[in-house]
Amino acid sequence: MNNNCSKLKEDANPIVVRLPNNAHMKSIHTAELNIKNESKEAKEVRIFPYLKTSSLISIGQFCDDGFVAIFTKEDAKIMKVNNIIIQGDRNYNNRMWEFNLTTKIPQQIRNHIAMT
């Protein structure tokens, strides 16, 4: 993994998310975002097998830890005490906000994902 994410391990308590087509997907691993001075809860990320080129981000998880999330027509910012921790732009093609965290998944995890 690169310097944006570390501490990769199997997800002991996987979560299930529902996709737009009503299919369900379960997390398979957890990792930790490398953002300074934040709680473990705010930094925890989950890796899903079918999201190979992008990830989901839990805004509620950040807000529960005292962050403020601001979404505008053009961009999104996740802030704490007026410091921008994560910032992303709006993709006008799919109307989603995209955060470039550039997390690389290790080869052994990519191999596991390819088999599922």
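## Strands and hairpins

Strands are DSSP runs of E with at least two residues, numbered from the N terminus, and two strands pair if DSSP finds at least two bridges between them. The model described here is predicted, with local features needing pLDDT of at least 70 and side-chain atom pairs counting only at pLDDT 80 or more, while totals for chains, interfaces and linings use all residues. Residues are numbered from 1 along each chain as its sequence is written.

Strand β7 (residues 75–80) runs antiparallel to strand β8 (residues 83–91), and six bridges join them; within this pairing, Ile-78 has Ile-86 of β8 as its bridge partner. The hairpin of β7 and β8 has two residues between the strands, and Val-81 takes a positive phi near 50°.

On to the next strand: β8 pairs with β9 (residues 96–98) in the antiparallel sense over three bridges, where Asn-91 stands opposite Met-96 in β9. Four residues lie between β8 and β9 in their hairpin, and Arg-95 in the turn has a positive phi of about 65°.

## The second largest pocket

A pocket is an open set of points on a 1 Å grid over the protein atoms alone, where a 1.4 Å probe fits, with protein on both sides within 12 Å along at least five of seven lines; its lining residues have an atom within 4 Å of a point. The second largest pocket holds about 190 Å³ of space, and its lining includes Lys-7, Asp-11, Thr-30, Glu-32 and Arg-46. Elements giving two or more residues to this lining are β1 (5–10), β4 (29–33) and β5 (44–47), and the largest share, three residues, comes from β4.

Technical notes: Heavy atoms only, no water. Points joined across faces, edges and corners; volume = space filled by probe spheres on them.
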